[in-house]
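Below are some notes on salt bridges and backbone geometry, for checking against the coordinates.

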Amino acid sequence: MSFIRPNIRHPQLAVNDLGYTRANYEGALSTLCAGCGHDSISAAILQSCFELSIEPHKVAKMSGIGCSSKTPAYFLGNSHGFNSVHGRMPSVATGANLANRDLVYIGVSGDGDTASIGMGQFAHVVRRNLNMVYIVMNNGCYGLTKGQDSATADRGSASKKGIPNPYSSIDLCETAIQLGAGFVARSFSGDKEQLIPLIKAAVSHRGFALIDVVSPCVTFNNTANSTKSYDHVREHMNATGTFDFVPLKEEITTEYEPGQTEEITLHDGSAVRLHKATESLDFSSRRSAMNEIEKHKEKGEVLTGLLYLNPQTPDTHELLGTTTTPLNQLDKDKLCPGSKTLDAINDSFR
Amino acid sequence: MKPTDISNPEYFHKVVDCQYACPAHTPVPEYIRLIARGRYSDAYMINWESNVFPGVLGRTCDRPCEPACRRGRVDEEPVAICRLKRVAADNKDDVKHRMPVIPEQKNGKRVALIGGGPASLTVARDLAPLGYSIDLYDAQRKGGGFMRSQIPSFRLPESVLDEEVNYILDMGINAHFDQYVDSLKSIVDKGYDAIFIGTGAPRGRDLAKLPGREDGDANIHVGIEWLANVAFEHTKTIGEKVLVLGGGNTAMDCCRTSKRIGGKDVRVVVRSPKSEMKASPWEIEDAEHEDIPIYENHSPKEFVTENGRLVGMNFEVVEPHYDENGKRRLEPTGEIVFMECDDVLMAIGQENAFPWIERDLGVEFGEWDMPIVDKTTFQSTLDKVFFGGDAAFGPENVITAVAHGHQAAISIDRFCQGQDVTERPAPGTNLLTQKMGFHEWTYDNAVSDDDRFIVPLADKTAALSDRKMEVELGFDLQQAYDEAERCLNCDVQTVFTENKCIECDACVDICPTDCINFTNNGEESDLRERLKAPATNAEQDLYVSSDLKTGRVMVKDENVCLHCGLCAERCPTSAWDMQKFLYTVTKAGQDKEAVTPCTK
């Protein structure tokens with residue numbers, strides 16, 4: 001019986017800038033179903049943090065409730081984590097971010113946790129542009145309660161039960177673009193080559209970054225008539241282009257043909273280099289992104305890759321004008337300046 | 001790369017590194033699991049079938065399996081395979097009733113075995129159950145050959161050797177001991193259907209041309225002859241100051257034996273650097289543990305005698321130099337060192353010698369005056385004469401002799417039955433799933449974190465005062481269990497079925513040692529560099545699938561796979577399965593038995 005992963009690792013594991021191997025970013029052994037797409041996304045998050053040489057204790061993993069929200073236990077075992085209330089991860093993440101703005105916030109949520117019970121919270125965390133990466137492990141069903149259709153299940157898609165879903169679906173990427181998110185992407189759990197650079201760019205982006213990852217539920221929703229099965233997504237996936245994440249220190253040496261390749265510098269000086277599949281797509285235009293998503297939808301395709309990017313959106317701290325020092329580093333006198341200061345503030349409103 | 005052909009028995013055989021490295025291809029993981037389960041008799045019989053002398057080899061084997069052990073590539077040290085074998089031998093029940101039944105009705109064929117060592121005894125063990133009448137000739141007074149005369153009792157108790165030699169002699173072998181064969185013609189003339197020569201490499205090298213050799217002769221001994229004399233109790237003492245020349249295992253046996261029968265200041269003197277000594281590292285360790293110093297880079301110059309009696313030796317200190325091909329030259333430094341001594345033991349190698357084979361019989365001799373012997377059939381140029389063990393191709397070790405014996409027995413059987421000896425029987429193989437249920441396998445797939453356990457030793461003072469007291473005590477049963485659990489079960493293979501795979505990556509993500517990849521196919525050298533963890537060990541194969549749905553292939557680097565089964569546990573479609581691969585070398589007569597293949 002094995003619920004324990006062996007402790008032996010490959011003797012020649014690569015080492016990152018911090019001197020850590022990937023093993024330093026592992027978590028506990030997954031208890032999800034064998035073949036669950038979520039485990040691949042966990043592995044992609046792990047790999048991204050390793051490649052970015054992020055110190056594990058500088059990361060906070062935030063989640064709600066659901067299969068997806070269990071996954072933070074399965075990666076970055078040396079990081080902070082908060083497994084919060086169903087659909088309420090954005091509030092908890094907001095509070096944590098306000099208290100300590102220096103951490104990397106990785107929110108992990110599912111389609112139920114985001115698009116059903118958490119829809120209200122999701123909408124507002126996008127509007128506030130909280131500096132976080134919000135990963136939706138989107139399998140189109142409620143896997144933890146035996147696979148009922150979720151709010152992201154496409155109309156007509158049928159899970160293991162076999163009955164086509166009669167309702168129209170919520171497209172989280174379109175919603176996020178509409179609500180003002182600065183970084184919006186869609187990916188597939190079975191395509192790490194696309195997913196890993198997306199996560200790395202999302203971590204480097206300041207402000208709210210959404211990655212909606214189609215993640216097949218092998219147990220309940222990997223059927224022939226499901227639009228979120230491994231086979232369906234592989235056959236109908238169409239990427240906006242390929243994508244390189246260029247960390248700050250790396251000198252740019254390769255030259256690309258103009259028009260097809262676009263480079264966007266992020267707030268921290270790193271860059272994303274896009275090799276677009278079509279010239280018509282303009283990543284900095286919300287209208288172009290929406291058009292492109294809808295165009296593919298009409299053809300029955302799933303558009304993946306980076307959809308929209310605006311690195312210049314002000315995040316929550318900027319909007320609120322908070323101190324640049326994390327609150328947990330301020331001393332008592334600064335945090336609680338006393339009744340005289342309070343009186344002065346109150347007076348200013350009179 | 002082309003898809004791997006796993007129906008070729010040699011592919012999975014090679015994955016079982018220990019079994020592949022063993023000359024006799026003993027199914028090591030199979031018996032280690034039985035030891036962990038306390039089934040010592042069963043573990044013993046698996047060994048006995050394959051290597052004939054588990055008790056002897058569990059103490060004295062050269063262990064080619066251990067440097068090959070996968071555990072040594074992922075952990076600091078390999079599994080103590082050899083000493084686990086001993087556990088099976090020491091703790092088994094009476095196994096006499098499990099020995100082959102010897103037919104009373106003989107098959108009418110007579111075979112002579114010359115020499116009573118491991119090779120000849122293995123031939124006897126394989127042929128006697130088939131109904132052959134076997135005559136065995138040996139110059140010593142008991143069977144076992146070099147296992148008896150060269151391996152000291154403190155490493156191999158006589159009772160252990162007697163037991164395993166007798167299992168074979170009790171098969172109705174007509175043993176003629178104390179009978180030195182001085183003419184092959186005399187044997188040929190007796191009309192045997194086949195003759196097997198397993199006479200070892202009996203001649204120890206001498207330093208005949210070194211000055212003083214003749215004058216000091218009374219106290220200068222050839223190591224292997226001296227060890228035999230001690231074993232048969234013709235020699236009972238040695239001087240206080242002993243110099244042992246040579247750096248092989250015989251030198252280690254000589255020095256440790258000297259310490260037990262009167263030697264006080266015993267030194268090993270070797271020409272090469274210590275790091276290049278031929279002795280097994282553990283045997284060097286054992287000698288050093290008994291406070292025997294090793295002098296490296298000392299080349300013998302002369303035997304110094306006074307009044308016709310040996311008083312010491314002069315050595316020239318040399319310095320090793322290496323050319324660009326790594327070839328070593330020992331250059332004299334000019335420094336001469338004198339070492340006092342009462343006796344010298346020369347353990348500087350041994351040679352084959354066949355003064356008793358008449359050169360006009362039809363057995364042709366080639367280079368180095370060695371008989372011309374076929375590497376596969378062990379047949380000489382005289383068709384009814386076969387060779388095996390050290391006699392065939394020069395000095396090796398017990399396990400190699402056993403492997404030769406099995407193969408020679410096949411040839412002799414085929415020859416006597418009028419079949420073509422060059423046609424060899426295929427190995428026996430079986431591949432069977434080990435799945436018992438969800439997260440449940442027939443084998444202990446959890447990987448132990450333990451370091452290699454050290455075999456406890458007897459008290460040094462007591463051991464040094466008794467030549468027959470065994471130094472190693474062997475593992476106790478708890479240690480044996482813990483050491484057995486270190487085995488990675490490399491014979492439980494990761495078997496991949498392409499058409500079941502949905503490419504969900506679950507196996508890639510769970511694999512603790514990054515063995516599994518899904519990628520575009522390419523040339524082997526290109527693939528090896530593109531994998532998740534570069535596959536730099538070219539001796540280990542890549543397991544490549546045929547094209548999958550996405551056009552990619554599955555590539556698994558066999559090098560550091562822990563056989564933990566997590567890929568199969570995380571696979572939603574059972575495209576991965578853990579299947580036990582049993583590979584057995586087919587022995588004489590076994591391919592004739594009706595074998596019902598397991599179809600499921």
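1. A salt bridge here is a side-chain nitrogen of Lys or Arg within 4 Å of a carboxyl oxygen of Asp or Glu. The model is predicted, so local features need pLDDT of at least 70 and side-chain atom pairs count only at pLDDT 80 or more, while totals for chains, interfaces and linings use all residues. Residues are numbered from 1 along each chain as its sequence is written, and side-chain values use heavy atoms, with hydrogens and water left out.

2. In chain B, Glu331(B) and Arg329(B) form a salt bridge with N to O at 2.2 Å. Glu331(B) is partly exposed at 30% relative accessible area, and Arg329(B) is also partly exposed, at 43%. (Buried means under 20% relative accessible area, exposed over 50%, partly exposed in between, with a 1.4 Å probe and protein chains only.)

3. Arg528(B) pairs with Glu524(B) at 2.9 Å, N to O. Both lie in helix α21 (residues 524-530) of chain B, four residues apart, about one turn of the helix. Helices (H or I, at least four residues) and strands (E, at least two) are DSSP runs, numbered from the N terminus. Arg528(B) is buried at 8%, whereas Glu524(B) is partly exposed at 32%.

4. In chain A, a salt bridge of 3.0 Å (N to O) joins Asp212(A) to Arg186(A). This pair links distant parts of the chain, strand β8 (residues 208-214) for Asp212(A) and strand β7 (residues 183-188) for Arg186(A), 26 residues apart. Asp212(A) is buried at 2%, as is Arg186(A) at 7%.

5. Leu76(A), not a glycine, has a positive phi of about 45 degrees. Leu76(A) sits in the loop between α2 (67-70) and β2 (80-83) and is buried at 1%.

Technical notes:
Chains are lettered from A and ligands numbered from 1 in the order in which they are written.
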